[in-house]
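Good morning, and thank you for joining. Please have the sequence to hand as I speak.

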Amino acid sequence: MRIIVVEDDDLIVAALVKALNDQHYTVDFATDGEAAWELMDCFTYDLILLDVMLPKLDGISLCRKLRAIGNKTPILLLTAQDTSTSKVMGLDAGADDYLAKPFDFKELLARIRALLRRGGSSLPPMLSFHNLQLDPSTCQVTCDAQLLHLTPKEYSLLELFLRNTQRVFSCGMLIDHLWSFEEPPSDDTVRSHIKGLRQKLKAAGVKSDVIETVYGIGYRLKGTGKEATNTQTRKHKEVEREKKLFICEAKPQIHSSALTQFSGGKQNQVVTGVSQVWEQVAETLSQRITVIEEALSILLQNKLLSEEARAKVKQEAHKLVGSLGMFGSDKGSYVASEIESLFVNKGMLDSSQIIRFSKLVGSLRDCLQSMNGTEIPDMSDETFNNGPLLLIVDQDTEFTSSLISCASSWGTRVQVTPNPIAAKKLIGDLCPDVVLLDLSCSDTAEKALGLLVELTSRTPPLSVIVTTAQDSLIDRVKIARLGGRGVLQKPVSETQVLEAVTQILQNSCSQEAKVMVIDDDPQILTALDTLLTPWGVKVYSLDNPSRFWEMMTAVNPDLLILDVKMPEVNGIELCQVVRSDARFSALPILFLTAQNDTKTRQEVFAAGADDYISKPIVKVELVTRILNRLERTRLLKSLAETDVLTGVANRYRSIQELTRCIQWSQNYHQPFCFAILEIDKFKQINQQYGYATGDSILSRLGKILRLNFHYEDVVGRWSGTEFILGMCGMTKVEGQRRLSEVIKNLRQVQFTVNSDNRFSVNFNTGFVQYPEDGADIDTLYRVASEALERSKVAAQNRLLNN
């Protein structure tokens with residue numbers, strides 16, 4: 001079978017050619033549409049792998065051009081543009097199938113087989129001739145169940161003859177079918193391969209000559225179609241083949257479990273192939289990222305990018321979407337697609353987009369280093385995530401417009417659709433964090449309720465807040481039964497909606513939740529991993545208790561699951577060890593065991609366990625208990641790290657966030673503004689108006705600061721009236737300008753006491769910049785405190801002079 005790959009990314013071409021060659025396909029390739037058109041005019045192909053984004057002639061246009069002249073060769077489109085519009089355009093242009101980058105090689109090869117079966121005559125899984133059998137699913141040839149060792153070309157020749165039982169092939173025709181146009185052999189070479197094949201078949205004991213010479217014409221399978229028959233084998237052969245295909249992972253991380261799916265020789269061949277491909281492409285990937293880094297450097301110097309430079313960044317990012325994903329870095333593929341999206345429009349990037357671009361580039365480089373085996377510090381997804389996404393399903397355009405404008409100040413992205421049916425497609429494409437679903441419109445209420453049921457029935461369920469025209473207990477019960485997370489009665493303010501969204505996000509189970517499972521039964525470990533992974537839980541399994549403490553300290557899990565009976569050390573003893581360490585004294589511990597007697601239960605809870613579940617596992621019960629424990633742990637941690645009165649981070653948590661920001665600034669040579677904000681004469685306010693009034697001022701201040709500073713900023717309360725602010729990517733001057741606008745609005749807020757006494761509040765500030773004013777938090781705080789005292793003195797002098 002002859003395939004042409006049309007792709008302008010040489011890294012993807014190399015991987016595809018290697019994978020297809022390993023499956024005994026003959027492969028040609030072209031890097032632009034025009035070159036591909038010329039090759040297809042000269043050669044006949046069984047399948048076309050076609051990228052959409054191509055120079056000179058794009059894939060969609062090439063597809064239309066081929067179909068216009070009656071070329072019916074199966075076409076499989078490959079592209080990083082995984083949108084419904086792109087898919088519709090490609091299929092309407094005449095493509096037979098569509099696969100988005102990054103794709104899995106097993107899926108690609110399965111789609112190729114399906115198209116080849118669809119494009120020509122039926123291609124049965126097993127090909128037979130007398131006592132000779134060829135199995136395309138394993139690329140193996142047997143004679144009387146004994147394996148024959150054929151070269152790739154000998155195998156391809158035999159398969160071609162068995163698939164075309166009555167056709168005569170000349171040497172030229174064999175060359176066209178089985179050799180790429182870049183390496184055409186001589187006729188003598190073809191004859192030599194046929195001679196070698198005949199000798200091996202004869203030595204293996206094939207009952208009859210398989211290949212006969214038609215003098216003056218060429219070669220064919222000996223005998224009639226009745227003698228050479230294609231027989232169907234069991235359906236599971238196809239399944240087994242899926243397990244034996246080319247595996248392409250990050251350099252080259254082939255797990256032992258995956259390797260056992262290959263036969264010995266094939267396994268070594270694939271692993272070696274992946275290693276060779278990676279060694280060839282790693283440097284090219286680095287060069288592409290360097291191009292993007294150079295563009296970032298220009299922007300950070302407050303210079304403009306030329307149109308040529310912008311186009312180059314977009315091009316390199318687009319290529320990285322496919323190539324990084326293909327070599328095992330889904331995160332890298334996602335980051336590259338985010339960079340590409342920044343350069344879709346021709347306008348200049350604003351300061352916030354440049355900051356985001358900088359974080360994305362840093363994450364991109366980290367992804368490549370991790371693919372090379374370099375350990376990268378675990379920086380949260382916040383380094384490249386653009387905040388939570390809220391999908392609004394509502395026909396009220398005035399309400400949704402005002403909500404969109406307000407959401408940006410909360411660090412929340414918003415997508416709107418008026419139609420519950422259209423919302424299903426958007427949810428599949430966008431994967432929102434929360435959905436705001438309107439039930440107040442009678443025309444769409446029934447469809448909206450259907451959407452609510454669908455969203456809350458997912459695994460894991462999607463959080464949905466419902467807005468209604470009237471607030472009744474019956475409606476609330478109905479929505480709760482269907483899985484709604486909240487009910488808001490219209491009219492509702494933008495702040496109420498965003499506060500409800502924030503509350504749900506804070507109460508949701510963390511995507512980074514880590515569960516450690518200790519059990520000597522590997523089936524239990526596999527079952528728990530399969531059960532919990534769809535819920536956003538990372539499962540760390542261990543079947544050897546002797547390595548427990550080493551793994552415990554390395555993972556630092558959010559929840560621990562133990563079995564009672566295990567070799568060497570039992571689960572109750574491990575529980576006692578955990579509870580004796582102060583670091584894990586509050587860690588939730590759940591026992592999962594077949595021991596169900598009263599004595600065991602007493603011993604388990606006496607050792608410090610939080611929960612107990614008997615085997616066999618009831619899946620729904622187990623998931624519910626684990627998620628409830630994780631949510632409770634997260635809530636307690638949030639309460640311990642949040643200032644209750646103001647809702648901002650306390651000193652402990654804000655120091656952690658400041659440390660992360662300083663590390664980021666150091667890695668990417670970015671400024672970082674640190675500021676102290678203090679309420680002026682707060683002691684006098686408490687004495688004159690009472691502590692309740694002072695608390696209301698602090699609460700109001702915390703709320704306004706949360707509204708005006710985004711998720712990448714740090715806001716914390718360190719003492720009674722002292723708030724600290726950390727602003728990533730900002731100089732001291734920029735931070736002063738930003739905070740001055742907030743303070744201006746704060747001074748306009750009027751506080752009322754006893755209905756008639758109104759007053760406003762003044763503030764003092766101190767600003768410093770990393771690294772000019774200090775290289776660590778303690779130094780920055782000390783210098784900022786000195787600046788704060790100077791501002792107080794200056795304010796007092798102005799007051800005296802006036």
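I shall cover the pairing of strands, then salt bridges, and finally aromatic rings.

Please keep in mind that this is a predicted model.

Let me begin with the strands. Strand β7, residues 132–135, runs antiparallel to strand β8, residues 140–143, and four bridges join the two. Within this pair, glutamine 133 has threonine 142 of β8 as its bridge partner. β8 also pairs with strand β9, residues 146–148, in the antiparallel sense, over three bridges. The hairpin of β8 and β9 has two residues between the strands, and in it aspartate 144 takes a positive phi near 55°.

I turn now to a parallel sheet. In what order do its strands lie? This open sheet of five strands has the order β14-β13-β15-β16-β17, with parallel pairing. At the edges are β14 (413–417) and β17 (486–489), each of which pairs on one side only. From one strand to the next, the twist averages 20°. β16 and β17 pair in the parallel sense over four bridges, and valine 466 has valine 487 of β17 as its bridge partner.

Two helices belong in this picture. Helix α16, residues 420–430, packs on the sheet and touches β13 (389–393), β14 and β15 (434–438). The direction of α16 makes about 165° with that of β13. Helix α17, residues 445–456, lies across β13, β15 and β16, and runs at about 160° to β15.

Two residues in this region deserve a word. Serine 463 lies in strand β16, residues 463–468. Is serine 463 buried or exposed? Its relative accessibility is 8%, so serine 463 counts as buried. The side chain of serine 463 makes a polar contact of 3.2 Å with the side chain of arginine 485. The other residue is threonine 412, in the loop between α15 (397–407) and β14. With 10% relative accessibility, threonine 412 also counts as buried. Leaving aside neighbours within four places in sequence, threonine 412 is in contact with Pro388, Leu390 and Ala407. The C-alpha atoms of threonine 412 and threonine 502 are separated by 9.2 Å, although these residues are 90 residues apart along the chain.

Next, the salt bridges. Side chains of opposite charge can pair when their charged atoms come close. In this model the count comes to 23 salt bridges. One of them joins the side chains of aspartate 643 and arginine 717, at 3.2 Å from N to O. Aspartate 643 lies in the loop between α24 (619–641) and α25 (651–668), and arginine 717 in strand β24 (residues 714–717), so the pair ties together parts that are 74 residues apart in sequence. Both aspartate 643 and arginine 717 are buried.

A further salt bridge lies within a helix. Arginine 653 and glutamate 657 meet at 3.1 Å, N to O. Both lie in helix α25, four residues apart, which is about one turn of the helix. Arginine 653 is partly exposed, with a relative accessible area of 28%, whereas glutamate 657, at 16%, counts as buried.

Also among the salt bridges is that of arginine 738 with aspartate 713, at 2.7 Å from N to O. Arginine 738 lies in helix α28 (residues 732–747) and aspartate 713 in the loop between α27 (691–708) and β24, so this pair ties together parts that are 25 residues apart in sequence. Arginine 738 and aspartate 713 are both buried. Elsewhere, salt bridges that share partners join Asp9, Arg288, Lys312 and Glu316 into one network.

Phenylalanine 674 and tryptophan 718 have ring centres 6.4 Å apart and planes at 55°, so the pair is tilted. This pair links distant parts of the chain: phenylalanine 674 is in strand β23 (residues 672–679) and tryptophan 718 in the loop between β24 and β25 (722–728), 44 residues apart. Phenylalanine 674 counts as buried at 2% relative accessibility, and tryptophan 718 counts as buried at 11%. The rings of tyrosine 689 and phenylalanine 759 have centres 4.3 Å apart and planes at 5°, so that pair is stacked. Finally, ring pairs link Phe548, Trp549 and Phe584 into a cluster.

Key: Residues are numbered from 1 along each chain as its sequence is written. This is a predicted model: local features need pLDDT of at least 70, side-chain atom pairs count only at pLDDT 80 or more; totals for chains, interfaces and linings use all residues. Side-chain values use heavy atoms; hydrogens and water are left out. Two strands pair if DSSP finds at least two bridges between them. Buried means under 20% relative accessible area, exposed over 50%, partly exposed in between (1.4 Å probe, protein chains only). A polar contact is a pair of N or O atoms within 3.5 Å; within protein, one must be able to donate a hydrogen and the other to accept it, and residues adjacent in sequence count only if both atoms are side-chain atoms. Axes are lines fitted to C-alpha atoms, for helices over the stretch in contact, and angles run from 0 to 180 degrees between N-to-C directions. Contact means heavy atoms within 4.5 Å. A salt bridge is a side-chain nitrogen of Lys or Arg within 4 Å of a carboxyl oxygen of Asp or Glu. Rings of Phe, Tyr and Trp (its six-membered ring) pair if their centres lie within 6.5 Å; planes under 30 degrees apart count as stacked, over 60 as edge-to-face and the rest as tilted.
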